[in-house]
Amino acid sequence: MTDQKFLARRFETERRRLKAIAIRLLGSDADADDAVQETWLRLARADVAGIDNLDAWLTTVVSRVSLDMLRAPRRLRERSWQVEPWRDEPVAVELDPAELAEESDRISTALLVLLETLSPAERIALVLHDVFGQSFDEIATVLDKTPAAARQLASRARRRVRGAEEPAHPERGRTRQVVDAWLTAASTGDLTALLSLLDTGAVLRADYGTSTQLVEGAQSIAEQAVLSGRLAAHSTPIVIGGRPGVAAVLNGVVASIMAFDIVGDRIVGLDVLADPARLAELDVLGALGG
């Protein structure tokens with residue numbers, strides 16, 4: 001396996017499979033190509049004499065590369081921050097989770113929207129297991145977790161996918177109730193109420209311009225929300241990129257906006273934009289009628 005030409009030929013036979021894995025994990029053809037190329041570069045640098053199962057090794061590497069890309073700050077910046085006033089029509093996207101098992105090389109926009117609500121680890125566990133049939137032992141290696149933890153991540157992600165297609169998919173009125181309850185709990189420092197609104201695997205991503213932050217888990221997010229209670233007390237519901245959201249305005253200046261991903265009655269994801277330069281480009285006050 002140490003002959004470079006032979007290794008290159010073996011890699012080419014696996015390229016299509018690796019691309020299929022990457023595109024389902026990343027939702028982007030260009031990103032998938034980058035992940036596959038990085039996998040080849042790592043193989044070229046690896047001590048291949050110690051690789052017992054090349055197919056499994058390549059699967060692990062392309063999955064880890066994809067995981068790193070999902071966690072990269074730019075993923076947050078790619079989300080839509082178009083701001084609109086709150087209206088009564090629903091924001092939900094109808095979705096058939098059976099799309100996860102389709103053999104096409106392109107992922108639907110609706111499915112990508114849903115996958116974006118999952119944490120990177122949940123996304124990896126769900127796609128590798130349910131689409132590509134990887135064992136939880138293999139997935140555990142990718143995620144650096146135990147097989148039991150990998151199984152739990154896939155199960156949690158699966159419930160969200162299924163919940164998104166049920167008739168109980170949240171309508172605008174219900175999401176408004178969740179958003180209002182969040183603002184009340186955050187502004188009063190009610191940690192228990194915040195925890196009741198958050199899914200246990202919720203993820204918060206924040207872009208401050210000079211830095212980004214990733215907060216995972218209901219407890220950590222709720223504790224941060226309590227610390228940001230002053231912002232919540234000065235926040236107003238809006239729509240951000242088609243999602244329910246809020247804008248915090250202090251002394252006539254927009255301090256931040258936050259978009260919610262809600263499944264059922266639970267918040268599964270929050271995206272915060274607090275970059276003054278980018279906020280200045282958005283007509284948030286106009287959407288608020290100010």
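Modeller: Start with D275. This is a predicted model, and D275 sits in the loop that runs between strand 7 (266-273) and helix 13 (276-281).

Colleague: Is D275 buried or exposed, and which side chain of opposite charge is nearest?

Modeller: D275 is buried and has no salt bridge. The nearest side chain of opposite charge belongs to R278, 4.7 Å away.

Colleague: With which residue does R278 form a salt bridge?

Modeller: The side chain of R278 meets that of D207 in a salt bridge, at 3.1 Å from N to O. This pair links distant parts of the chain, since R278 is in helix 13 and D207 is in strand 2 (residues 198-207), 71 residues apart. As for accessibility, D207 is buried, with a relative accessible area of 0%. R278 is partly exposed, at 22%.

Colleague: Why is R278 called partly exposed?

Modeller: Buried means under 20% relative accessible area and exposed means over 50%, so a residue at 22%, such as R278, falls in between.

Colleague: How many salt bridges does the structure hold?

Modeller: The structure holds 14 salt bridges. Some of them join up: R205, R243, D261 and D271 are linked in a network.

Colleague: Where does E122 lie, and what does E122 touch?

Modeller: E122 lies in helix 6 (residues 120-131). E122 is buried because its relative accessible area is 0%. Not counting residues up to four places away in sequence, E122 touches L153, R156, A157, R160 and G201.

Colleague: How do I read a pair that is far apart in sequence?

Modeller: Compare the separation along the chain with the distance in space. T192, in helix 10 (residues 191-197), is 30 residues from A222 in sequence, and their C-alpha atoms are 8.5 Å apart. T192 is exposed, with a relative accessible area of 60%. Another pair is D68 and P120, 52 residues apart in sequence and 8.6 Å apart in space, C-alpha to C-alpha. D68 has its place in helix 3 (residues 54-70) and is partly exposed, at 45%.

Colleague: What share of the contacts in the protein comes from residues 24 or more positions apart?

Modeller: Among contacts with a separation of 6 or more, residues 24 or more positions apart account for 64%.

Colleague: Now pockets. How is empty space found?

Modeller: Rolling a probe the size of a water molecule over the atoms shows where empty space is left. In this model, the second largest pocket holds about 310 Å³ of space.

Colleague: How many residues line the second largest pocket, and which lie nearest its centre?

Modeller: The lining has 19 residues, and S228, L231, S256, M258 and V272 lie nearest the centre. Several elements each supply at least two lining residues: helix 9 (172-188), helix 11 (218-227), helix 12 (229-233), strand 5 (243-250) and strand 6 (253-263).

Colleague: Which classes of residue make up the lining of the second largest pocket?

Modeller: The lining has 15 nonpolar residues, four polar ones and no charged ones.

Conventions: Residues numbered from 1 in each chain as written. Predicted model: local features only at pLDDT ≥ 70, side-chain atom pairs only at ≥ 80, totals over all residues. Heavy atoms only, no water. 1 Å grid on protein atoms, 1.4 Å probe; cavity = no way out; pocket = protein on both sides within 12 Å on 5 of 7 lines; lining within 4 Å. Points joined across faces, edges and corners; volume = space filled by probe spheres on them. Helix = DSSP H or I, 4+ residues; strand = E, 2+ residues; numbered from the N terminus. Nonpolar A, V, L, I, M, F, W, Y, C, P; charged D, E, K, R; others polar. Buried < 20%, exposed > 50% of the residue type's maximum accessible area, 1.4 Å probe, protein only. Lys, Arg positive; Asp, Glu negative; His and termini not counted. Salt bridge = Lys/Arg side-chain N within 4 Å of Asp/Glu carboxyl O. Contact = heavy atoms within 4.5 Å.
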